[in-house]
Amino acid sequence: MIVTLKYFGSLVDITQKKEEFFSVEENTMLLSFLKSKMEMTYGELKNTNYSIAVNQAISSLDNTIKDKDVIAFLPPFAGG
């Protein structure tokens, strides 16, 4: 399975990329597994507040990710 990872705002500075592809042999995986993998790859993510969206919907860590899903790592929002 291959998923697309997209980074926004300050998370681009941490990862030094706006987008990348992540491949695993499993057909599905939990979002929590992907989050752990990304925090091991980009250690500074562990100390950063961010949300994760799967296919443009904010998701909980127990959501299942499938092949070709688009995962967005989103910094905290501010506005009014």
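Colleague: How many salt bridges does the count come to?

Modeller: Bearing in mind that this is a predicted model, the count comes to 3 salt bridges.

Colleague: Let's take Glu 19, then; which side chain does it meet in a salt bridge?

Modeller: Glu 19 meets the side chain of Lys 6, with a distance of 3.7 Å from N to O. Because Glu 19 lies in strand 2 (residues 19-23) while Lys 6 lies in strand 1 (residues 2-7), the pair ties together parts that are 13 residues apart in sequence.

Colleague: And how accessible are Glu 19 and Lys 6?

Modeller: Glu 19 has a relative accessibility of 40% and counts as partly exposed, and Lys 6 is also partly exposed, with a relative accessible area of 30%.

Colleague: What does Glu 20 pair with?

Modeller: The side chain of Glu 20 forms a salt bridge with that of Lys 17, at 3.6 Å from N to O.

Colleague: Is Glu 20 buried or exposed?

Modeller: Glu 20 is buried, its relative accessible area being 17%, which falls under the 20% cut-off.

Colleague: Where do Glu 39 and Lys 35 lie?

Modeller: Both are in helix 2 (residues 31-41), 4 residues apart, which is about one turn of the helix. Glu 39 is buried at a relative accessible area of 14%, whereas Lys 35, at 22%, is partly exposed.

Colleague: Switching to the sheet, in what order do the strands come?

Modeller: There are 5 strands in an open sheet, in the order 2-1-7-4-5, and the pairing is mixed. Strand 2 and strand 5 (57-58) are the edge strands, each pairing on one side only.

Colleague: How many bridges join strand 1 to strand 2, and do those strands run parallel or antiparallel?

Modeller: Strand 1 and strand 2 run antiparallel and are joined by 5 bridges. Within that pairing, Leu 5 stands opposite Glu 20 in strand 2, and Glu 20 is the residue whose side chain meets Lys 17 in a salt bridge.

Colleague: Last one: which strands does helix 2 lie across?

Modeller: Helix 2 lies across strand 1, strand 2, strand 4 (51-54) and strand 7 (70-74), and it runs at about 115° to strand 2. That is the helix holding the Glu 39 and Lys 35 pair.

Definitions and conventions: Residues are numbered from 1 along each chain as its sequence is written. This is a predicted model: local features need pLDDT of at least 70, side-chain atom pairs count only at pLDDT 80 or more; totals for chains, interfaces and linings use all residues. Side-chain values use heavy atoms; hydrogens and water are left out. A salt bridge is a side-chain nitrogen of Lys or Arg within 4 Å of a carboxyl oxygen of Asp or Glu. Helices (H or I, at least four residues) and strands (E, at least two) are DSSP runs, numbered from the N terminus. Buried means under 20% relative accessible area, exposed over 50%, partly exposed in between (1.4 Å probe, protein chains only). Two strands pair if DSSP finds at least two bridges between them. Contact means heavy atoms within 4.5 Å. Axes are lines fitted to C-alpha atoms, for helices over the stretch in contact, and angles run from 0 to 180 degrees between N-to-C directions.
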